[in-house]
Amino acid sequence: MSIGVAQAEEGHFAAALESYESAQEIFGQLQRLRSKNGARLLANIAITKAKVFEDRKEVVAAFSTALEAFTEQKLLESKEGVRLLIEAGKALEELERFAEALDHYKTARDTLERARALGSLMGIEVLEKMSDAQFELDDLEGAESNLVMAVAKKDAKGALDSAEGAALLQKLGDLQVELNGYEEALTSYRSARQILEDRNGLKGFSAACLLANMATLEAASKPAQALEGFEEARKLFLEAEAIDTEEGADLLVNLANQHVKAGEADLALRHLRHAQEVFQTKDLLNSMSGVKLWMNFGLAFMQKEGDSTAPSAFEETRDALGKAWKVLEGAKSRVVRGGEAGRSQANAGTETLLAVELNALMAQASIRAGNFEAALADLERGRALIQRHGGRGFQDTEAAAEVFYNLGVCYSEMEDLDQAIESFESAASSLKAQGPLSSSFATEVCGALADAYFEAEDTSKAVETYELACQSEEAYDGDETTLALLLTKRGLALAELDDLEDALKDHEQARSVAEEGDFLQTGLGADILVNMGIAKAKGQLLEEAVADFEVALEILEENEMLETEMGARVLQNLSIAQKQLGDVKGAEECEAGARRILGLCEDREKDE
């Protein structure tokens with residue numbers, strides 16, 4: 001038997017197995033198989049067969065024989081017994097007999113706990129294997145608990161700062177994502193990255209997946225940082241010659257999504273076409289990854305609608321979204337027919353979330369086309385899915401928030417203010433349940449809700465909600481023009497509440513943001529000055545108000561925007577201020593100018 005051990009240590013497993021089987025014959029002739037050494041020989045045979053045999057059933061049978069011998073010889077609670085249980089569990093996992101594997105791992109854990117050795121390297125391995133089996137059995141909470149313990153014990157042993165420790169943290173992050181613990185997952189991923197960077201080990205396929213996962217979690221709140229992360233991950237995939245794997249293609253889809261959000265549709269389409277080639281080669285176009293691919297094609301084409309260089313973008317948007325829907329419906333029908341035995345609740349949840357997201361996306365396409373009835377039909381289907389699966393927390397997802405937000409947009413366009421407010425409130429509630437409001441979408445939702453409150457003359461709520469929108473935009477470190485617009489809108493609402501001091505502070509801040517961002521000489525800059533002038537006029541700072549209105553008129557004229565409804569609005573407010581200052585002639589001239597412009601606007605509307 002010692003010859004076989006030496007051969008196995010050198011990696012000559014086939015030769016080792018021959019030596020073990022020869023020893024087994026001798027042990028049998030000497031009737032020593034039912035001894036401690038006989039049990040150890042059977043264990044070596046099973047472990048070596050696992051290295052050599054492709055028939056996993058025969059391997060599992062060999063482990064069963066060895067475990068019976070270890071039990072009979074009272075060796076199961078030894079270090080050798082624990083190792084045998086671990087290897088037997090691994091063999092069972094390969095046959096997808098996860099419940100039996102978990103039983104072996106539990107027995108091993110109990111033995112190590114009694115020996116106070118759960119903090120050993122073998123104990124850490126047992127905890128990790130238990131977590132793997134529990135994950136496959138959909139016991140995600142149990143899986144996380146064991147993996148957290150494994151990380152803690154590895155850290156206590158001073159072994160976390162290693163490639164193996166980084167891999168353990170990465171696995172924990174993946175599991176926390178499955179449990180929607182996104183902040184916890186980011187913490188785990190960042191720790192794994194730091195370990196790899198310190199060891200100059202941030203390279204290869206696994207590291208590429210780590211960076212891609214980090215960027216995916218950062219995408220909502222830190223888009224610029226996420227884009228850098230996706231690009232860095234893409235570089236690692238390329239260096240590892242793994243960009244044409246399923247994971248590499250998924251990275252390209254996520255990278256494309258960030259480019260769409262940055263307004264770079266052409267660059268997004270380039271990455272999507274590469275991903276499409278990979279998915280086609282790997283027969284994945286009809287998978288959930290394919291659904292995401294087609295959805296992002298739809299987003300990119302939607303962005304190009306109206307672009308003279310892409311006259312077919314409108315049709316391509318609908319074609320891409322139609323393909324996504326076809327794939328998703330196909331997946332659901334296969335499940336109904338029982339074609340996906342063993343399909344987990346997590347997979348079912350993923351498909352439902354994708355269906356909700358796709359309904360929202362199709363509705364956006366209809367909204368852009370001005371077809372609000374079609375959009376409402378898509379959104380009501382999405383809402384029905386959310387309500388049907390409410391117990392799984394679907395109400396508190398970004399996909400649900402997209403549905404509610406777009407419902408609010410539709411109802412606003414249809415002038416059903418009550419329904420619009422209710423929908424926007426549901427969208428905000430979904431986002432708040434996910435954590436602090438700190439994304440461009442959160443800003444958009446809160447801004448729309450505040451606008452609706454203001455239109456409904458619920459001005460106090462409008463002020464509160466504009467504040468939430470401003471906080472989200474500042475936390476997200478987003479677009480300066482958005483922040484300036486929100487500030488001046490909040491200033492308008494505060495002026496309605498006669499809080500002129502705070503109103504002027506908001507308008508002044510909006511003006512400062514516009515000056516720093518070099519967009520004061522634009523239409524938005526003019527709007528800020530008009531709103532500030534209105535607040536000053538209300539506070540009887542008439543001369544300052546007139547000065548603001550006059551500067552706003554100059555800006556509109558420079559931008560060829562004077563003969564618009566905005567130009568008429570400025571002239572009307574300037575007329576009121578001049579009249580209060582006793583400049584009757586100037587007031588009459590401004591009023592006449594406003595009437596003339598409104599007439600032009602009406603004529604243009606009729607022509608259209």
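Predicted model: local features only at pLDDT ≥ 70, side-chain atom pairs only at ≥ 80, totals over all residues.
Student: How are H7 and H9 oriented, roughly parallel or roughly antiparallel to each other?

Tutor: The axes of H7, residues 121-136, and H9, residues 163-178, come within 12 Å and cross at roughly 30 degrees. Angles under 35 degrees count as roughly parallel, and the crossing of these two helices is left-handed. H7 and H9 are therefore roughly parallel.

Student: How many residues of the contact of H7 with H9 are charged?

Tutor: On the H7 side the contact involves Ile 124, Glu 128, Ser 131, Asp 132 and Phe 135, which meet Leu 168, Lys 171, Leu 175 and Glu 178 of H9. By class, the residues of this contact divide into four nonpolar and one polar, and the number that are charged is four.

Student: Is H8 roughly parallel or roughly antiparallel to H9?

Tutor: Helix H8 spans residues 140-156, and its axis comes within 10 Å of the axis of H9, with a crossing at roughly 155 degrees. Since angles over 145 degrees count as roughly antiparallel, the relation of H8 to H9 is roughly antiparallel.

Student: How many residues of the contact of H8 with H9 are nonpolar?

Tutor: From H8 the contact includes Leu 140, Ala 143, Leu 147 and Val 148, among others, while the H9 side includes Leu 168, Leu 169, Leu 172 and Leu 175. Alongside two polar and five charged residues in the contact of H8 with H9, the number of nonpolar residues is ten.

Student: Is Gln 258 buried or exposed?

Tutor: Gln 258 lies in helix H13, residues 246-261, and, not counting residues up to four places away in sequence, Gln 258 touches Ala 219, Pro 223, Ala 226, Leu 227 and Phe 230. Its relative accessible area is 3%, and the cut-off for burial is under 20%. Gln 258 is therefore buried.

Student: How far apart in space are Cys 410 and Gln 364, C-alpha to C-alpha?

Tutor: Cys 410 lies in helix H19, residues 398-413, and at 0% relative accessibility Cys 410 counts as buried. Leaving aside neighbours within four places in sequence, Cys 410 is in contact with Ile 367, Phe 372, Ala 375, Leu 376 and Leu 379. Cys 410 and Gln 364 are 46 residues apart in sequence, and their C-alpha to C-alpha separation in space is 9.7 Å.

Methods
Residues numbered from 1 in each chain as written. Heavy atoms only, no water. Axes fitted to C-alpha atoms, helices over the stretch in contact; angles between N-to-C directions. Helix = DSSP H or I, 4+ residues; strand = E, 2+ residues; numbered from the N terminus. Parallel < 35°, antiparallel > 145°, perpendicular 65-115°, else oblique. Left-handed = near helix turned anticlockwise from the far one by under 90°. Contact = heavy atoms within 4.5 Å. Nonpolar A, V, L, I, M, F, W, Y, C, P; charged D, E, K, R; others polar. Buried < 20%, exposed > 50% of the residue type's maximum accessible area, 1.4 Å probe, protein only.
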